[in-house]
Amino acid sequence: MKTWVVRFVSLLVFNIAVLLMIGFLTPARVGWAALWAGIVLTAIVIWIKPLLSRWFGGMAARSADRRTRVGEKVAEFLVAFAVAFLVWIATVLLTGVSIGGWFWGWFLPPVLLMIGWAIYDVIDDRVEAHAGALYDRATGARSGGAAAPAGADATGPRPAVGDSRTAAQGRKELRDGLTEEQRRMLDEL
């Protein structure tokens with residue numbers, strides 16, 4: 001639950017900023033509807049955008065073998081634009097955002113959305129980590145970066161004297177996520 005709340009809130013703040021930027025750079029009027037539009041846009045981006053991307057991406061993949069490298073990049077852009085355009089239309093229809101002008105109100109905002117999504121994809125891990133720390137602080141839960149209690153090291157509690165080999169394996173598994181057997185199979189490759 002925490003992961004979804006953190007992801008939703010961090011994306012909501014970012015989407016509100018993008019919507020305000022769209023309102024500033026285009027004739028689209030966002031105004032006080034930015035909060036509601038941000039909530040709607042965030043819900044669409046989290047739950048509907050992946051479905052649209054898969055659907056349009058699947059349609060584009062059918063003809064991928066007939067395109068050049070440049071043609072593939074153009075197709076990727078067109079798929080991303082189609083998804084952003086549909087998300088923008090849904091946001092406008094479900095909120096109080098008003099559009100002014102044909103090109104500036106309908107086609108420029110999806111481009112700005114695509115730029116915003118690209119920026120968010122670059123910084124999302126750091127934003128969500130910071131938002132998660134704020135969430136933990138607000139709820140009083142301990143975050144992963146909290147100081148370890150006495151008798152513990154950075155990887156967890158210290159093992160009993162006879163458990164050192166098992167504990168070392170457990171710490172290795174925590175670091176790379178592989179079991180001893182998976183690590184051995186990977187080394188054999």
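Which residues of helix 3 are buried? That was my starting point today, and I kept in mind that this is a predicted model.

**Entry 1: helix 3, the inside**

I went through helix 3 and noted its buried residues: Ala75, Val79, Phe81, Val83, Ala84, Val87, Trp88, Thr91 and Val92. Next I looked up what they pack against, and found helix 1, helix 2 and helix 4. I also checked the span of helix 3. It has 26 residues and runs 38 Å from first C-alpha to last, close to the 38 Å expected at 1.5 Å a residue.

**Entry 2: the core**

I moved on to the largest nonpolar core, which holds 33 residues. Within this core, Ile22, Val87, Trp88 and Leu113 touch the most other members. I then listed the elements giving two or more residues to the core: helix 1 (2–25), helix 2 (34–61), helix 3 (69–94) and helix 4 (102–139). Helix 2 supplies the largest share, 10 residues.

Setting aside neighbours within four places in sequence, I found Val87 in contact with Leu41, Ile44, Val45, Leu52 and Trp117.

**Entry 3: a patch on the outside**

Then I turned to the surface. Val70, Val74, Phe77 and Leu78 make up a nonpolar patch there, with about 380 Å² of accessible area together. I picked out Val74, which sits in helix 3. Its relative accessible area is 43%, so Val74 counts as partly exposed.

**Entry 4: salt bridges**

How many salt bridges does a search of the whole structure find? I got two.

One joins the side chains of Glu72 and Arg67, at 3.0 Å from N to O. I looked up how open each partner is. Glu72 is partly exposed at 25% relative accessible area, and Arg67 is also partly exposed, at 23%. Buried would need a value under 20%.

The other joins Glu76 and Lys73, at 3.8 Å from N to O. Glu76 and Lys73 are three residues apart in helix 3, so about one helical turn separates them. Glu76 has a relative accessible area of 42% and is partly exposed. Lys73 comes out at 53%, so I wrote it down as exposed; the cut-off for that word is over 50%.

Key. Residues are numbered from 1 along each chain as its sequence is written. This is a predicted model: local features need pLDDT of at least 70, side-chain atom pairs count only at pLDDT 80 or more; totals for chains, interfaces and linings use all residues. Side-chain values use heavy atoms; hydrogens and water are left out. A nonpolar core is a set of buried Ala, Val, Leu, Ile, Met, Phe, Trp, Tyr and Cys residues joined through side-chain atoms within 4.5 Å. Buried means under 20% relative accessible area, exposed over 50%, partly exposed in between (1.4 Å probe, protein chains only). Helices (H or I, at least four residues) and strands (E, at least two) are DSSP runs, numbered from the N terminus. Contact means heavy atoms within 4.5 Å. The expected span of a helix is 1.5 Å times one less than its number of residues. Patches are made of residues with over 30% relative accessible area and no salt bridge: like charges are joined within 9 Å, nonpolar side chains (Val, Leu, Ile, Met, Phe, Trp, Tyr) within 5 Å. Accessible areas come from the Shrake-Rupley method with a 1.4 Å probe; for residues, only the protein chains shown count as cover. A salt bridge is a side-chain nitrogen of Lys or Arg within 4 Å of a carboxyl oxygen of Asp or Glu.
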